[in-house]
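The following note sets out several points on the structure shown below, for a reader who wishes to check them against the coordinates.

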Amino acid sequence: MSLPRYPEYKDSGIAWIGEVPSHWTRRMLLDTARSGRNAFVDGPFGSDLKSEEYADDGVPLIQLNNVAIGKHDLTNLKFIPEKKADELARHNAMPGDIVIAKMAAPVARAAIVRSDFEKFVIVADCVKLSVDAAQWNANFLQYWINSSGVNAVAETLSAGITRLRINLGSLKKLPVFHTLLPEQTAIATFLDRETGKIDALIAEQEKLLALLAEKRQATISHAVTKGLNPDAPMKDSGVAWLGEVPEYWNVLRVKNLVASMEQGWSPQCEGFPVQSEDEWGVLKVGCVNGGVFRPDENKTLPPELAPLPELGLACGDLLISRANTRDLVGSAAVALSDYPRLMLCDKLYRLRLYTDVCAPPFLAFYLGTPGVRGQIELAATGASRSMLNIAQSTILELNIAVPPAGEQAAITAVLDIETAKLDALRNESERSIALLKERRSALIAAAVTGQIDVRESV
C-alpha cells in the first residue's frame with residue numbers, strides 16, 4: 001500500500017520521531033485525561049489481595065493478565081463485591097477508558113476497557129486513563145501508546161531487576177501529539193481496518209501452525225506405536241492408553257531398556273553460553289524443548305569452579321527434562337554428537353540405553369507421543385504451575401512396545417524425513433507471522449506519528 005505524506009512537516013523535537021505534520025502539537029499523556037482528580041490513577045492494590053475478598057460475582061478486576069496490546073482480555077476474571085468496588089470508586093474503570101499495564105511485557109501496553117460489564121476495578125500494576133472525549137479519540141491514543149517508539153521510551157523510563165515497571169509519574173510525561181479530533185478518528189479507523197486485515201492473515205498462519213503440530217504428532221505417534229506396515233497383524237498391548245501394537249513387538253517397561261539414569265549439577269553460572277568448544281558450560285533445561293537437542297542452550301561455567309567431566313555429553317545420550325512447565329516437563333531429545341565440555345544440569349535426566357534393545361532416537365520420538373505425554377503430565381507434581389517435576393520412576397515405569405532393531409532404524413529414518421518436512425513448513429509459517437507483525441508495527445508507527453497521510457483513504 002502506497003500512501004502520501006502530509007504537505008508540510010516540522011521538527012517534532014523527539015529524535016526517534018523526527019518530523020511530524022506541521023499542524024500537530026506536542027503534549028503529554030497527562031493532557032489527554034478529562035478534568036477531575038480521578039481521571040488518571042493507579043490501582044489500589046496488587047496481586048496480594050486476600051482470597052476472602054474475592055467473590056463469585058460482582059465487579060470484575062482488571063489485572064495484568066487482562067491487558068494485552070490493544071485488547072482487554074476477559075479470560076480468567078476475578079471479582080470483588082459491589083460494596084468493595086464502591087469503596088474503591090476512584091479506581092473504577094468504565095467502558096471506553098484506557099487501562100495501561102505498568103509491568104512487562106511490554107511495559108505500558110494499553111487497551112480500551114470493554115463494555116461487557118458496567119464497570120471494572122483496576123489493580124496496583126495497572127493505571128486507568130479516562131480520556132477527554134472532546135479533544136481525544138481513545139482508539140487513536142491506544143494505538144499511540146502501543147506503538148513501537150512509545151514502548152521503547154517507556155522501557156527506558158522503567159526500573160526493575162526481574163521485571164521492568166514504569167511508575168505513574170513517568171507515564172503521565174510520555175509524549176503524544178495532538179491534532180483535530182476528526183483526523184485522530186480517521187487515523188484510528190484506518191488502523192482498525194488495516195491491522196484487522198493483517199491480524200486475519202496472522203490468525204490463518206497460526207491455524208496452519210496448529211495443524212502442522214497435530215500432523216507432526218500424529219505421524220510420530222502412529223509410526224512408533226503401529227509401525228510402518230499397515231497390514232501388520234496386531235495384538236492388544238494390555239495397556240489401555242497404548243492400545244493395539246504389532247503382534248511381534250515386545251511390550252516392556254522403559255526400565256528394561258535403560259543401562260543407567262542420572263541427573264546433573266546446576267552451579268551458579270554466567271548468564272551467557274560458551275563461546276568455544278574449549279570452554280565448560282552447563283546445559284539449560286530448555287535444550288530439549290521441541291524434541292530437538294540444542295547445544296547452544298547452555299550457561300558458561302565460571303572459571304573459579306572446577307568442572308565435572310563425568311557429566312559431559314556423549315553421542316547417543318537421551319536427555320529428558322525433569323522439571324519444567326506442564327507442557328514441557330518430560331521433553332526428550334538425543335545428543336547426536338559428543339559434547340564433552342557441556343555438562344548435564346540437575347533439571348535434566350540422562351538415560352543411556354541398551355542400544356541392542358532400543359535405539360535412543362526411537363525412545364525420544366516415543367516419549368513425545370500424546371499417550372506418553374498424558375502419563376507424564378498426570379504424574380507431574382509441584383506447588384507452582386511454572387515448575388513441575390517428574391520422578392525417575394515416572395519415566396522408568398512407562399510401557400513401550402519395542403520393535404526389532406532394524407525396524408526401529410527404519411521408523412526413525414522415515415520420521416526424520418517427515419518431521420523435517422513439517423518443521424520446514426512450520427519455520428516458513430513462523431517467518432510469515434514475524435513479517436506480518438513487523439508490517440503491523442511499522443504501519444501503526446507511521447500512521448500515529450504522521451509519516452503517512454491516511455485521511456483520504458478512510
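1. Helix α2 passes helix α5 in a left-handed crossing (left-handed if the near helix is turned anticlockwise from the far one by less than a right angle, right-handed if clockwise). The two helices, α2 (residues 138-145) and α5 (residues 181-226), pack at an angle of about 65° with their axes 8 Å apart. Axes are lines fitted to C-alpha atoms, for helices over the stretch in contact, and angles run from 0 to 180 degrees between N-to-C directions. Helices (H or I, at least four residues) and strands (E, at least two) are DSSP runs, numbered from the N terminus.

2. The model is predicted: local features need pLDDT of at least 70 and side-chain atom pairs count only at pLDDT 80 or more, whereas totals for chains, interfaces and linings use all residues. Residues are numbered from 1 along each chain as its sequence is written, and side-chain values use heavy atoms, with hydrogens and water left out.

3. Which residues of α2 meet α5? Asn 139, Phe 140 and Tyr 143 do so, and their partners in α5 are Gln 184, Ile 187, Ala 188, Leu 191, Asp 192 and Thr 195 (contact: heavy atoms within 4.5 Å).

4. Helix α2 is also part of what covers the buried residues of α3. In α3 (residues 148-156), Gly 149, Val 150, Asn 151, Val 153 and Ala 154 are buried (under 20% relative accessible area, with exposed over 50% and partly exposed in between; 1.4 Å probe, protein chains only).

5. The whole structure contains seven aromatic pairs (rings of Phe, Tyr and Trp, the last by its six-membered ring, with centres within 6.5 Å; planes under 30 degrees apart are stacked, over 60 edge-to-face, the rest tilted). One of them, Tyr 6 with Trp 24, is edge-to-face, at 6.0 Å centre to centre and 70° between the planes. Tyr 6 lies in the segment before β1 (9-11) and Trp 24 in the loop between β2 (19-21) and β3 (25-28), so this pair ties together parts 18 residues apart in sequence. Both residues, Tyr 6 and Trp 24, are buried. Ring pairs link Tyr 6, Tyr 9 and Trp 24 into a cluster.

6. The charged end of Arg 5 sits over the ring of Tyr 9, 4.1 Å from its centre (NZ of Lys or CZ of Arg within 6 Å of the ring centre and within 35 degrees of the ring normal). Lys 172 lies over the face of Phe 40, at 5.9 Å from the ring centre.
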